[in-house]
Amino acid sequence: MIVFEKKLPQKTLLNLSLNNPYYVDSHYFIVEDTNMSPLDVYCKMVSFAPKWSNSLLSIRNKVVRILGLEDVGEFGNFGDKNISDFTIGDRIDLFYIREMNEHEIVVGLNDKHLDVAISISLKPGALQTVVCISTAIHVHNIFGKVYMGLVTPFHAPIIHSMIRNAYLN
């Protein structure tokens with residue numbers, strides 16, 4: 001089961017670094033594993049991105065290149081690095097690792113129109129781990145708002161599909 005909220009969890013690296021974001025959401029689920037890192041969860045999830053989401057990213061990348069923005073690639077592209085070799089500042093998949101500790105990773109990407117930050121935080125228990133995937137977006141101008149209007153309808157379905165494919169099937 002996935003629980004969706006339009007707010008961020010308290011006392012996370014992502015929440016502590018924010019100042020009035022334009023958009024926020026969180027998606028919670030439980031896994032029967034207590035020996036995983038936030039980086040492991042991130043990598044597993046994006047490796048299970050639905051094919052249609054990478055098709056949408058391909059279209060997005062072609063359009064934004066014309067506008068002079070960065071082509072972010074596609075979900076699940078780790079280059080030639082081993083997952084355990086990634087550190088703060090590295091590009092992983094679509095994003096850069098901003099912060100990372102044993103309970104949370106924050107990845108993100110900034111451009112002149114908006115700043116995106118995604119957190120995966122873990123609350124391990126004796127037999128299970130509660131995983132929370134949170135997104136926070138700061139919009140800088142009208143182009144950022146238009147972009148958000150176009151991508152927001154796809155955001156939760158992509159995340160929920162990744163969660164289901166990676167952990168709940």
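Start by selecting His155 and Asp25: their side chains make a polar contact at 2.9 Å. A polar contact is a pair of N or O atoms within 3.5 Å; within protein, one must be able to donate a hydrogen and the other to accept it, and residues adjacent in sequence count only if both atoms are side-chain atoms. The model is predicted: local features need pLDDT of at least 70, side-chain atom pairs count only at pLDDT 80 or more, and totals for chains, interfaces and linings use all residues. Numbering runs from 1 along each chain as its sequence is written, and side-chain values use heavy atoms, with hydrogens and water left out.

**Stay on His155.** This residue sits in helix 4. Is His155 buried or exposed? His155 is buried, with a relative accessible area of 18%. Buried means under 20% relative accessible area, exposed over 50%, and partly exposed in between (1.4 Å probe, protein chains only). Now show the neighbours. Not counting residues up to four places away in sequence, His155 touches Tyr23, Asp25, His27 and Thr135. Contact here means heavy atoms within 4.5 Å.

**Select helix 4, residues 142-168.** Helices (H or I, at least four residues) and strands (E, at least two) are DSSP runs, numbered from the N terminus. Begin at the N-terminal end. Asn141 caps helix 4 there, with a side-chain oxygen 3.1 Å from the backbone nitrogen of Phe143. Move along to Val151. A kink of about 45 degrees lies at Val151, shortly before the proline Pro153. That bend is the angle between axes fitted to the seven residues ending there and the seven starting there. Next, check the length. The 27 residues of helix 4 should span 39 Å at 1.5 Å a residue, and the end C-alpha atoms are 38 Å apart, which agrees. The expected span is 1.5 Å times one less than the number of residues.

Colour the buried residues of helix 4; among them are Gly144, Met148, Ile158, Ile159 and Tyr167. What covers the buried residues of helix 4? The cover includes strand 1 (3-5), strand 2, helix 2 (38-47), helix 3 (51-66), strand 6 and strand 7.

Seven antiparallel strands form an open sheet in the order 1-2-7-6-5-4-3. Strand 1 and strand 3 (91-92) stand at the edges with a single partner strand each, so one side of each has no neighbour in the sheet. Two strands pair if DSSP finds at least two bridges between them.

**Strand 2, residues 23-31.** Eight of the nine residues of strand 2 are buried, so the rest of the structure largely encloses this strand. Three bridges join strand 2 to strand 1, antiparallel. Pick Phe4: its bridge partner in strand 2 is His27. Strand 2 also pairs with strand 7 in the antiparallel sense, over nine bridges. Step along that pairing: Val24 stands opposite Ala136, Asp25 is partnered by Thr135, and Ser26 by Ser134.

**Strand 7, residues 129-139.** Nine of the eleven residues of strand 7 are buried, so the rest of the structure largely encloses this strand too. Eleven bridges join strand 7 to strand 6 (residues 114-124), running antiparallel. Find Lys123 opposite Val130. A hairpin of four residues joins strand 6 to strand 7.

**Last stop: Phe29 and Tyr167.** The count of aromatic pairs comes to one. Phe29 and Tyr167 form a tilted pair, 5.5 Å centre to centre with 40 degrees between the planes. The pair links Phe29 in strand 2 to Tyr167 in helix 4, 138 residues apart. Rings of Phe, Tyr and Trp (its six-membered ring) pair if their centres lie within 6.5 Å; planes under 30 degrees apart count as stacked, over 60 as edge-to-face and the rest as tilted. At 2% relative accessibility, Phe29 counts as buried.
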